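Colleague: Can you walk me through this one? I would like to go through the helix packing, the sheet and the domains.

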Amino acid sequence: MSNLLTIRGLKIEGRSDETWNPIINGVDLNLKKGEVLGLIGESGAGKSTIGLAAMGYTRDGVRISDGTVEFDGIDLVRASAAVKRGLLGKRIAYVAQSAAASFNPAHKIIDQHTEAPVQHGVDNRASSIEDGIELYRKLRLPNPDEIGFRYPHQVSGGQLQRAMTAMAMSCRPDLIIFDEPTTALDVTTQIEVLASIREIVEEFDTAAIYITHDLAVVAQMADTIKVLLRGDEVEEADTRTMLSAPKEDYTKSLWAVRAFERPAKPAVSTGAVPVVSVRNVTAAYGTTDVLHDVSFDIHAGRTVAVVGESGSGKSTTARCITGLLPPRIGEIAFDGEVLPADYRKRSKDQLRQAQMIYQMADTALNPRKTIGQIIGRPVQFYGGLTGSARRARVDELLEQIELEPSQYFNRLPSELSGGQKQRVGIARALAAEPKFIICDEVTSALDQLVAEGILRLLGDLQDKLGLSYMFITHDLATVKAIADEVVVMKDGKVIEQGPKLDMFTPPHHAYTDLLLSSVPEMDPDWLTNLLQERGVDNIGDAAVDKM
Amino acid sequence: MDGLSSILKIVLQRLGLGLVTLFVVSIVIFVAVNLLPGDFAEAILGQGATPESVAKIREDLGLDQPMITRYFSWLKGMLTLDLGTSFAQLNFANFGGAGTTTIAEQIAPRLSNTMFLAAVTACIAVPLAVTLGILAALYRNTAFDKAANMFTLSSISSPEFFMAYVLILFLAVLNPIFPSLSNIFEGMAFSERLEKSMLPALTLTLVVTAHMMRMTRAAIINLLASPYIEMARLKGLSPMRVIVKHALPNALAPIINVIALNLAYLITGVVVVEVVFVYPGIGQLFVDSVKIRDIPVVQACCLIFAAAYILLNLTADILSILSNPRLRHPK
C-alpha cells in the first residue's frame, strides 16, 4: 500500500536575532492509511514542528528550508496557500495540546465544530450538528445532545479535549495530528481521553501522528514509534520492538528514567515533634470552603508528597502553611509552636524557616536580575551578609546546585535552560537556610531526564542539610521516586495518608486505587486491559450499538 | 448567580460610580469656572464700569453670595433640571428687555445640532475605521497597511482647521460638491441639513479615524498568536474569516472603548470645526459664553460635556462586558 504521508529530508529553520537556525535537520517519515505513528522526544526535539509541517504549516518565525512533505501525492511545501486551505480541516486535521486555549472563547462549541464541514462544503450545518452530537456520543461526552451548545469555558478540560477530537473528525479526515492532547490533563481524565481517541481513530480508520513526551502514553496509542532528539531522528521501530529492545543509548536512557527511586527511610520515632504540623485546617476562598479539616505532619529530614488532581486543594494547603491564605479554622505549627495564621504577623525567623520552590521557574525568576542577584537577595535579607561574604555564600549555594559559580553568577535567567532555572529556584530557597521547603510541582514542566536530575539534587540536599520537604505533585511516578510519606487529597479533603510503601501496596482506598491504576504503564496492552478490568467495553462498539 | 443578574449588578455599580464621578466633576467645574479671571459685571460694563454699577449688577446676579451658597443653589437647579438663566439674558431683562429665554432653551438647539453632527460623523467614521483596521490587520505589513496607517496618521497629525480648509478647497471651491458654510437652522429638511453638515463631518472623520483604526488593527494582531487562531487556520479557513469570525469578536472590548472615547470627543471637542464652518453647535456657544464670563452657561456646557463623557464610557464598559461570553454565560 502506498503512503498517505511521505516526508523526505525535511529541514526546518527558526529565526532568532535575524539569523536562521536549524530546528529540524533532515527527517524522513512514512505514514500509511489508518496507521498511527508516535513522535516522541524531549522539549526542543522538534516534535510539534514536524507535526505542523506535516500539515504544510509553520508558525511565525519558522520556515521549511528543504525537503518535501507529500500528502496523497500533493507536495505541501510547494503547494499554494489555497490548495493547502482545501486540505486543512477537510483531509488533515489537528488536535492541540490545550483544548481550553484552542477553542475560540467567543463561539459555542458546536458552531466551531460545524465550521470546517460547512466552509469546505462537505456538509450542511444542520446535518453537521447532528453528526457532531453523534460523535460526542461516541466519545462518551456527558449530555451529548446539549454539550455542544455551551461555550468552551462552560466545559471541563477533559471534555473539551474530546470535543476537539470530535471537531477534528467533523470532515472525516484521512490524517489527524494529535499534539500532546492529554499532557495538560489529570491521570484519571487522561485515560478517558486516550480511550476515546484510540477507539474513534480505529473506527474511522484514520491515520494519525501522535506527539507526546510520555512514553507510556505513546505505547498505548501508536503502531510505530519514532524517537527524536534536537531535530534528528534517533530511531524508529514498531511499538513492541521499541519498548522491548530499543537500539540507541538515548532511547534506553529515556526508558530507564522511571527506575529512579530513593531508598525508604526508617520509621519516625514515636513522640518526635514534627517540623510542620497542619492541624484541622479548613480554608475558604470568599465564602466557599476549599479545604475541609486537613491534618498531616511533616517530620525532620522527611519528604511528604501531597498528591491529587487539579482542584484537589494541594496548592491551597501550601498557601495556608506559608500564611498567604489564613485558614478559617485550624492552625499551622512549626517545631511544635503554633504560627500566626497571616504571614504578615510572622517574625522574619519564622518566615525564613519555610521556603518555596515553584512550578514555573520561568516566571518565578525576575528576568531582569542576574543569577547572583536573585540568590544574593535572600542571602542578604535573611542572613544579613553583604559584600564579599554575600558573594562567597552565593558561590557556595551555586556549587550546591551544581552550577559553576564563575560561569553563572552574572547570567540572566533567559540564558539558562529550564532545568538550570529550576536549580536556581532551589538555590534561592536554600539561601534562607530553611528547615522546610514546599516544592510545588517543581518537575512537572521539565523533561523526564532533567526532572530526574532535579529530584536527585533535592534528595542529596535533604541528606546533607536535613531538610524536610512538602512535595506537591499530581505525578505518581515522582511520588514513588522521592516520597517517604504520602497524603492523597481530593476535593479539599485528605482521602488517605501514610508511609509510601503502604500507599503503593494494596489494599488502597478506592480513590487512591483509581489514581494508581490510571498512571499509564509502558506495556502496550495496559490501556486495553485496564478498560476491560474497569468494565468499559470497546467504546466504538458501544456507540455502534446505539446507532 | 445567573448571567443576567450578575451583569445587571455590574451595570448598576458602574451607573452609581458614574453619578459619583459626575458629582465630583460638578464641584471641579464650579470651582474652576469661578477661578476664571475677571467677572461678568466688569466684562459687560467695559470702560464705563464704576464701582457702584459693578456692585449693582453683582448683587442682581447673586455674585456677592459666598461660593458655597452659590454652588448649592446651582446644584439644586441642576438636580431639578433647571439650568438657570444666563447672565446676559438676566441683565438684558433688568435693563428693560423683553421676555428671557432660559439656558435650557438656549442650549437645547445647539446641543441637538452638535449631536446631529456627531451622529453623521460616527456613521461615516466608525464603519470606515473598523473596516480599515480589519483590512490593515489582514494585509499587515503590506503596502496597503502602510498606506492606510500613513494616511490616517497624517490626517490626525494636522491641525483640524487645516484639514477643514483643505476639504473646503477641494470639495467646495475647486469641485463645488458640498457647501462650505454649514449655517443650518431649525425646520430644515433632513437632506439639506445632511448636505450642509457634510464638510464638517468629513473633517471630523479625518480627525477620529486614525485612533479607532489603529486600535482595531492592534487589538486583532494581538490575538493572532493565540492557539485558537492557529486552530482556525489549521481548519483551512480563509484569512478573512479567521480575522472577522475568530479574532474580531475577542478584540471587541478595546475597540469599543476607543470608539467611545472618540465619540465623546465628537461632542466635546468640536469647537474649531464649528467655527470654521460656522456650524451653530454647542462648542461655539461655550466659547462665546467664556468670552463674556457668562458663568451659568459655561457651567451648564461643562456639565453636559462631562455627562457625555461619562455616559459614553459607561456604555462602552457595558458593551465590553456584554462582548465577553464568560460574563454572559457563567458556568
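Modeller: Start with α10(B) and α11(B): their axes come within 10 Å and cross at roughly 145 degrees. Axes here are lines fitted to C-alpha atoms, for helices over the stretch in contact, and angles run from 0 to 180 degrees between N-to-C directions. Helices (H or I, at least four residues) and strands (E, at least two) are DSSP runs, numbered from the N terminus.

Colleague: Before we go on, what kind of model is this?

Modeller: This is a predicted model: local features need pLDDT of at least 70, side-chain atom pairs count only at pLDDT 80 or more, and totals for chains, interfaces and linings use all residues. Residues are numbered from 1 along each chain as its sequence is written, while chains are lettered from A and ligands numbered from 1 in the order in which they are written.

Colleague: Back to that helix pair. Is the crossing of α10(B) and α11(B) left-handed or right-handed?

Modeller: Right-handed, as α10(B) passes α11(B). A crossing is left-handed if the near helix is turned anticlockwise from the far one by less than a right angle, and right-handed if clockwise.

Colleague: Which residues make the contact?

Modeller: From α10(B) they are B:Tyr228, B:Ile229, B:Ala232 and B:Arg233, and from α11(B) they are B:Val242, B:His246 and B:Ala247. Two residues are in contact if their C-beta atoms, placed from the backbone, lie within 7 Å. By class, five of these contact residues are nonpolar, one is polar and one is charged. Ala, Val, Leu, Ile, Met, Phe, Trp, Tyr, Cys and Pro count as nonpolar, Asp, Glu, Lys and Arg as charged, and the others, Gly among them, as polar.

Colleague: And where does chain B touch chain A?

Modeller: 15 residues of chain B are in contact with 24 residues of chain A. On the chain B side, the elements that give two or more residues are α10 (227-234), α11 (239-268) and α15 (325-328). α10(B) gives the most, with four residues. That side of chain B has seven nonpolar, five polar and three charged residues.

Colleague: How do α6 and α9 of chain B pack?

Modeller: Helix α6 (residues 103-138) and helix α9 (residues 190-223) of chain B pack at an angle of about 35 degrees, with their axes 6 Å apart. α6(B) passes α9(B) in a right-handed crossing. Their contact has 22 nonpolar, six polar and one charged residues.

Colleague: Switching to chain A. How do α7 and α8 sit?

Modeller: The axes of α7 (residues 157-169) and α8 (residues 187-203) of chain A come within 9 Å and cross at roughly 15 degrees. α7(A) and α8(A) are therefore roughly parallel to each other. Angles under 35 degrees count as roughly parallel, over 145 as roughly antiparallel, 65 to 115 as roughly perpendicular and the rest as oblique. The crossing of α7(A) and α8(A) is right-handed. Among the residues in contact are A:Gly158 and A:Met169 of α7(A) and A:Thr189 and A:Ile200 of α8(A). By class, the contact has four nonpolar, five polar and two charged residues.

Colleague: And the sheet in chain A, what is the strand order?

Modeller: It is an open sheet of four strands in the order β2-β1-β4-β5, with antiparallel pairing. Two strands pair if DSSP finds at least two bridges between them.

Colleague: Which strands stand at the edges?

Modeller: β2 (19-32) and β5 (74-75) of chain A do; each has a single partner strand, so one side of each is left without a neighbour in the sheet.

Colleague: How many bridges join the strands?

Modeller: Eleven bridges join β1 (residues 3-16) of chain A to β2(A), and A:Ile7 has A:Leu29 in β2(A) as its bridge partner. In the hairpin of β1(A) and β2(A), which has two residues between the strands, A:Asp17 takes a positive phi near 50 degrees. Eight bridges join β1(A) to β4(A), with A:Thr6 partnered by A:Glu70 in β4(A). β4 (residues 62-71) of chain A and β5(A) pair over two bridges, and A:Glu70 stands opposite A:Asp75 in β5(A).

Colleague: Last topic: what are the domains of chain A?

Modeller: The assignment gives domain 1 (3-256) and domain 2 (276-518); domain bounds come from an automatic or database domain assignment. The C-alpha centres of domain 1 and domain 2 of chain A lie 35 Å apart. The contact takes nine residues from domain 1 of chain A and nine residues from domain 2 of chain A.
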